[in-house]
Amino acid sequence: MTENTRPGSGAALAAGAVEEPMLRVEDLHHSYGTGAAAVHALRGASFTVRRGELVALKGRSGSGKTTLLHMIGGLDVPRGGRVVLDGTDLSALSESELLELRRDRIGFVFQSFGLIPILSAAENVGVPLRLRRAEPRARDERVALLLALVGLTGHEAQRPAELSGGQQQRVAIARALANRPALLLADEPTGQLDAATGLAVMELLRAVVRSEGVTALVATHDPQLLDLADRMLELRDGVVAPG
Ligand code: ADP
Ligand code: MG
C-alpha cells in the first residue's frame with residue numbers, strides 16, 4: 001500500500017475523502033485478574049468520536065466506563081483491541097512516547113478533582129505547563145486566560161481547601177485544558193457536586209468544547225449532561241450498546 005492511498009493519510013484528508021476521527025476505539029478488551037477470578041470489564045468496545053464533539057458516556061456502575069477512559073488516556077494498557085488518537089495507535093508507542101502523549105494531548109478531569117492541596121488555584125492550572133517547560137511569562141498568561149475562561153478570576157491565590165467543590169472542578173477543567181489537549185476525558189465530573197453546581201460545571205464543559213475546539217468524552221450518570229452532549233454512548237457489560 002502506498003503512502004498516498006492509505007486511508008486517513010494527509011493526501012486523503014486534503015482531498016476531503018476521509019475525515020480521520022479524533023478518537024477511534026476498536027474492539028477493546030480488558031480484564032482484571034486471571035482465570036476463574038477474572039473480571040471482564042471491556043468485552044469488545046468499539047466507537048469513534050469526531051473532532052469537536054462532546055460525547056457523553058453513560059452506563060450503570062460497573063459497566064466499564066472508568067476502565068474505558070483509562071485505556072483511551074493511556075493510563076492502562078488494554079488486553080486486546082486498539083485505541084487510535086488523532087491517527088496515532090497508542091499500542092505502537094513506547095512507554096516514554098505514551099507518557100508524552102498523555103501529558104501533551106490528553107486532559108483528564110476526575111470525579112474527585114485531583115488538585116494538589118498545597119498549590120494555589122493558579123499553580124494547579126500551571127502544573128502541566130511547567131511539566132512542558134513553558135516559558136514563565138507565556139505560562140502565566142495562559143493560566144490567567146484559563147482561570148478567566150472558567151470564571152475564577154480573583155481566586156488565583158486560593159488553595160483547593162479554600163474553594164467550593166464546584167470551584168475546584170473548574171480549576172481541574174482549566175488545568176486539563178492548559179496544554180490545549182486534543183482530547184478531554186472526564187470521569188463523572190459532576191458526581192460529587194449538588195445538582196445546580198453539577199449543571200454549571202457541565203455547561204462549562206459544553207462551552208469550553210466549543211471555545212477551545214477540544215473534543216471531549218465524558219462519563220456520567222447525570223441526565224443534565226446527557227442533554228448537553230452532541231451524542232450519547234451507552235456501555236453495557238463492557239460493550240457499547242446498539243442504538
Ligand atoms: P464503571 O466506571 O462503569 O463503574 P469500572 O470500569 O470501574 O466501571 O469497572 C468495570 C468492572 O471492572 C467492574 O466489575 C469493576 O468491579 C471491575 N474493576 C474495575 N477496576 C478494577 C480493578 N482495579 N481490579 C479488579 N476489578 C476492577
Ligand atoms: Mg467509574
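These legends describe close-up views of a predicted model. Residues are numbered from 1 along each chain as its sequence is written, and chains are lettered from A and ligands numbered from 1 in the order in which they are written. Local features need pLDDT of at least 70, side-chain atom pairs count only at pLDDT 80 or more, totals for chains, interfaces and linings use all residues, and side-chain values use heavy atoms, with hydrogens and water left out.

**View 1. The shell around ligand 1.**
Tyr32, Val39, Ala41, Arg60, Ser61, Gly62, Ser63, Gly64, Lys65, Thr66 and Thr67 surround ligand 1; a residue is near a molecule if one of its heavy atoms lies within 4 Å of it. By residue type, the shell comprises 3 nonpolar, 6 polar and 2 charged residues. In this division Ala, Val, Leu, Ile, Met, Phe, Trp, Tyr, Cys and Pro count as nonpolar, Asp, Glu, Lys and Arg as charged, and the others, Gly among them, as polar. At least two shell residues come from each of strand S2 (39-49) and helix H2 (65-72). The most is given by H2, with 3 residues. Helices (H or I, at least four residues) and strands (E, at least two) are DSSP runs, numbered from the N terminus.

**View 2. Side-chain contacts to oxygen atoms of ligand 1.**
The side chain of Lys65 places an N or O atom 2.8 Å from an oxygen atom of ligand 1. For Thr66, a polar side-chain atom is 2.9 Å from a ligand 1 oxygen. For Thr67, the distance from a side-chain N or O atom to an oxygen of ligand 1 is 2.5 Å. On its own, ligand 1 has 560 Å² of accessible area, of which the protein covers 59%. Accessible areas come from the Shrake-Rupley method with a 1.4 Å probe; for residues, only the protein chains shown count as cover.

**View 3. A network of salt bridges that includes Arg24 and Glu26.**
Salt bridges link Glu20, Arg24, Glu26, Arg82 and Asp89 in a network. A salt bridge is a side-chain nitrogen of Lys or Arg within 4 Å of a carboxyl oxygen of Asp or Glu, and the structure holds 18 of them. Between Arg24 and Glu26 the N to O distance is 2.6 Å. Arg24 is partly exposed, at 22% relative accessible area, and Glu26 is partly exposed as well, at 26%. Buried means under 20% relative accessible area, exposed over 50%, and partly exposed in between (1.4 Å probe, protein chains only).

**View 4. The salt bridge between Arg132 and Asp104.**
The closest N and O atoms of Arg132 and Asp104 are 3.5 Å apart, in a salt bridge. Arg132 lies in the loop between helix H4 (121-131) and helix H5 (136-149) and Asp104 in helix H3 (residues 95-105), so the pair ties together parts that are 28 residues apart in sequence. Arg132 is partly exposed, with a relative accessible area of 41%, whereas Asp104 is buried, at 16%. The Asp104 side chain also makes a polar contact of 2.8 Å with the side chain of Arg103. A polar contact is a pair of N or O atoms within 3.5 Å; within protein, one must be able to donate a hydrogen and the other to accept it, and residues adjacent in sequence count only if both atoms are side-chain atoms. Leaving out residues up to four places away in sequence, Asp104 touches Arg132, Asn179, Arg180 and Pro181, where contact means heavy atoms within 4.5 Å.

**View 5. Asp194 and its surroundings.**
Asp194 sits in the loop between strand S7 (183-187) and helix H7 (195-211). Its relative accessible area of 48% makes Asp194 partly exposed. A polar atom of the Asp194 side chain is 3.1 Å from the backbone nitrogen of Ala196. Asp194 and Gly166, 28 residues apart in sequence, have their C-alpha atoms 8.7 Å apart.

Most residues other than glycine have a negative phi. Arg133, which is not a glycine, has a positive phi of about 55°. Arg133 belongs to the loop between H4 and H5 and is exposed, at 74% relative accessible area. Glu188, also not a glycine, has a positive phi of about 45°. Glu188 occupies the loop between S7 and H7 and is buried, with a relative accessible area of 16%.

**View 6. The salt bridge between Arg236 and Glu234.**
The side chains of Arg236 and Glu234 form a salt bridge with an N to O distance of 3.3 Å. Arg236 is partly exposed, at 47% relative accessible area, and Glu234 is partly exposed at 22%.
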